[in-house]
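Subject: Two-chain model, handover

Hi,

Here is the model for you to look over.

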Amino acid sequence: MSLLGPEAFLGPLERALRDAGGEAELWAHRRRSAITRYAKNEVHQNAAADETYVQARVVVSGAVGIAGGTSLDAADLRALLSSARAAAELSRPNPDWPGFAEPAAAREPRALDATTARASAQAQADAIRSVAEAARARGMRAAGTHQLELSEDAVANTRGVAAYAPMTMAYLRALVLTDAGGSGWAEDLSSRIDALDPASVAARAIEKAAADHDRARLEPGEYEAVFEELAVAEVLRFLSLTGLTGQTLRDGRSFMAGRLGERVTGPAFSLWEDALDPRTLAIPFDVEGTPKRRVALVERGLARGVVHDRQSAKWLGAESTGHAADPRRYAPGGHAGNLTMAGGDATRERLLAGVARGVLVTRFHYTNTPDPKRATMTGTTRNGTFLVEHGEITRALANLRYEMSALDLFAGIDLLGPQRLARDWWSSNGMGSIVCLCPPVKVARATFIGSSPL
Amino acid sequence: MSDAIAGLVHAAVARGASYADARTVEREHEAVTVRDGEVEAVTRTADRGVGVRVIHRGAWGFAGTDRPGEDALRGALDEAFRRADAAASTRGRPVELAAVPAQRGEYRTPLGRDPFAVPVPERVALLRAADAGLRGPNARVRRSSVAAYRTTKRLVTSEGTDVTQHIVESGAGVAVTAVKAGAKPAQRYDGRLTRQAGWEFIEELDLVGRARRYRDDAEATLDAPLAAERPTTVVLAPEFLALLVHESCGHPTEADRVLEHEVAFAGTTFLWPRDRGALRYGSEHVSMTADATLPGGMGTFGWDDDGVPAMRTRLVDRGVFTGYLTSRETAAALGLPLAIGSARAEGWQHFPIVRMVNVSLDPGTASYPELLRGVADGLLLEAPASYSLDDKRQNFHFSTQAARVIRNGEIEGHVRGVAFQSLTPDFWGRCDLVADDWELHGFLSCAKGEPLQLMRVGHGAAHARFRDVPIEVRG
């Protein structure tokens, strides 16, 4: 996968805007992805795609027109701007229009890894073969994905914003299955392919799958629980979508509405939006060209603030925090997509040791929110759900249906482990776009309301 | 471009591919959105590119590019071969495809009025009228939108298929959030008002009347009493059932789930090949059909992306599981007859996978008033809110946007907080009547696959009645 670089990727946008006149903005996103999927120890789908999206926004007398295309050629960009202008002329003035961003210095991008960008299809298949051979050696079968991405983003506008950033992502996921119905999950996520460890991923997934036999059904109720990082990321997703943006605050749908400065959860819970943390996967500016800021969302249980794009900042008399999101996916109003949750130093053994009788949750499947105002999530557990008694895993459990407010769950944090990069189930395949640096947690109370069959 | 993709397929075969196809896809989208009475934006997007797929050394390789020119196409073909060869290094058995005769022809959506030709001021006027219908004393956020979609695609395969399709879709949405101090916010929306049709579909929707109804639902739900938490008779509206059919019948009948192709993300199924013709999926009132020929359906086409012509097949017959949604690869792998082609890719950049077409609950013969007369004490659930299912599509949980009490066959006031959790065969086993007021719904964004592919699918349903459904209530 080859990088175009700022001259070839940002340059055409700047040149097109020089001739555009009026108020205009161009945002371009190019993604080269290579996704190798495997099942039953074999690759069954192996796809690469090179795609570019360019969006023009043009404002005419306060009316906004938007046009999207796929080409950076000068003539195509001119046509795109014309199309956006025509759309604006057909539209009506938006009294809430916040204007385009002014130039501001953003941090240097640092999520590009040249080795990852150059990695071959065979390197991906070799990593999968390593996982598959480890599973096969134990009489098990493996499925999952090896995914590499190289992306470039550029934003330019007629006020002088000109920003460019490349990024890479490497993601290895393994689900190991046994003939006895057991399953175990493990994954590595990084900006560098060298940070993926197929042997370790396989070993972790195999360990869980091997322990997952003779499942029992657990009676619905409240239990102590240990949520591993992926399970925590799933809960954080719903905080993000339901309560951490200017739009949800303005609409009165956020759990923070009318409660800024107040206690909303327990003192062990702190959460920031932090795309600038070098451990996460992010570029340093948003799709409007605003540099991203670190935003305190909840500190020691107290509601502190939300993220803004230019629209929600205008609505609420604030400044954009650099959190305008991909408009193909999210409505205006901000998006918290790089969450950092405070962690601790508890080892897995210590997390489990604190459980008298409870549940270990590896991850969730197909979650949703029946009560957005309370950031309530429901979903079933999968690929590693175990009963823990007196600090030890004692037996495997059938998948459980969990339903609980994130605020109530985090009010009961007893212990925190070290942070790790994790994505929720939806974001793992691109349906969502949230990356979390989050710890495993031991909580005093998690509510399970049902169970899948054995 | 047309000769170019035929040349690409020819080149793939010359390089040793046992099968190859190339697809050009060109998509256009135009949307107008009004928020709180003001035009938020008029949006136009376009997307075009080529995807090439080969089987080489017994394995699939795929590459897509939106870059024009012969060099880019050759580069994509090279990448497809590299990926096939890498995949082959992990495989024991070669990919096989169920046989299908070579196809030639063209499919075109029948249109009354081209939605792209409707002047934007006319669209804005409709949306502002709908927005006025959404206004209410507590209506905090109001959104309405109309959208038009056009897809032109051509598939050329190494087996002689060469088909072109011109598909146009129209859609609309209205949504309101009512907020009041001391009450939970109440939302009412429907994002599934889409059809493969022209602007005439938008006119049929009565967007203004619908907006008023949604506002009334949201305002009434704000102050409504909590429902009673108990097993009760539930009548589900077609709007609700469309989603329930999608999640609990459409997905588990996808054949790639049986092969564990989706096990790591979307999950598997509880409907296994040994269960065909034997497993009781629901009561004798429950029959479900997959139909890619349904006029207006969002899952309707001339040919799927394997080049299989549109077909119709029964998935559940009077309560018994009978069939799968298949691709050529999955039908061959499972030894199934190719009863329906449902290999579909969202765009040129995607590998075709098994997707729903139009999957519907077949209508019954009772009228809706007759169905209601059989309810002494129950609930009418009109629209779903959140929904969540386990990785085999057995345990599911739905909550509601709008629920009303039924007493002695009459629909009374709203209640709030209604949710239910069940197991798929148990739930459908409780169905004791399906009405005859069947209607078609269209979804724009069924999510599946890695990378994610959002697929258009259609679902038809009529009102249906379910006994002793355990209702959960959340205050």
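The centres of domain 1 and domain 2 of chain A, taken over C-alpha atoms, are 23 Å apart. Domain 1 of chain A covers 5–206, and domain 2 of chain A covers 214–454. These bounds come from an automatic or database domain assignment. This is a predicted model, in which local features need pLDDT of at least 70, side-chain atom pairs count only at pLDDT 80 or more, and totals for chains, interfaces and linings use all residues. Residues are numbered from 1 along each chain as its sequence is written, while chains are lettered from A and ligands numbered from 1 in the order in which they are written.

Chain A, between the domains

Contact puts 28 residues of domain 1 of chain A against 26 residues of domain 2 of chain A. (Two residues are in contact if their C-beta atoms, placed from the backbone, lie within 7 Å.) On the domain 1 side, strands E4 (141–157), E5 (162–177) and E6 (183–190) of chain A each supply at least two residues. (Helices, H or I with at least four residues, and strands, E with at least two, are DSSP runs numbered from the N terminus.) That side of domain 1 of chain A has 17 nonpolar, seven polar and four charged residues. (Nonpolar means Ala, Val, Leu, Ile, Met, Phe, Trp, Tyr, Cys and Pro; charged means Asp, Glu, Lys and Arg; the others, Gly among them, are polar.)

Chain A, helices and sheet

Helix H2 (residues 11–18) and helix H3 (residues 74–90) of chain A pack at about 55°, with axes 10 Å apart. H2(A) is therefore oblique to H3(A). (Axes are lines fitted to C-alpha atoms, for helices over the stretch in contact, and angles run from 0 to 180 degrees between N-to-C directions. Angles under 35 degrees are roughly parallel, over 145 roughly antiparallel, 65 to 115 roughly perpendicular, and the rest oblique.) Pro12(A), Arg15(A) and Ala16(A) of H2(A) meet Ala74(A), Leu77(A), Arg78(A) and Leu81(A) of H3(A). The residues of this contact are five nonpolar, no polar and two charged.

Chain A also has an open sheet of six strands, ordered E10-E9-E8-E11-E18-E17, with mixed pairing. (Strands pair if DSSP finds at least two bridges between them.) Its edge strands are E10 (302–303) and E17 (420–422) of chain A, each pairing on one side only. E17(A) runs antiparallel to strand E18 (residues 435–438) of chain A, joined by three bridges. Arg420(A) stands opposite Cys438(A) there. Helix H7 (residues 229–243) of chain A packs on the sheet and touches E11 (338–341), E17 and E18 of chain A. The direction of H7(A) makes about 120° with that of E18(A).

Chain B, between the domains

Chain B is assigned domain 1 (2–223) and domain 2 (231–473). Their centres, over C-alpha atoms, are 21 Å apart. The contact takes 38 residues from domain 1 of chain B and 34 residues from domain 2 of chain B. Elements giving two or more residues to the domain 1 side include strand E1 (19–35), strand E7 (186–195) and helix H5 (207–223) of chain B. E7(B) has the largest share of that side, six residues. The side divides into 13 nonpolar, 14 polar and eleven charged residues.

Chain B, sheet and hairpin

An open sheet of four strands in chain B has the order E11-E10-E9-E14, paired antiparallel. E11 (320–321) and E14 (359–361) of chain B are at the edges with a single partner strand each, so one side of each has no neighbour in the sheet. Strand E10 (residues 312–317) of chain B pairs antiparallel with E11(B) over two bridges. Asp317(B) has Val320(B) as its bridge partner.

Further along, strands E20 (residues 439–448) and E21 (residues 453–461) of chain B pair antiparallel over eight bridges. His441(B) is bridged to His459(B) in E21(B). The two strands form a hairpin with four residues between them, and Gly449(B) in the turn has a positive phi of about 90°.

Between the chains

The contact takes 69 residues from chain B and 68 residues from chain A. E2(B) gives the most to the chain B side, with twelve residues. That side holds 30 nonpolar, 20 polar and 19 charged residues. Strand E3 (residues 63–69) of chain A pairs parallel with E2(B) over four bridges. Ile66(A) stands opposite Thr43(B) in E2(B).

Best wishes
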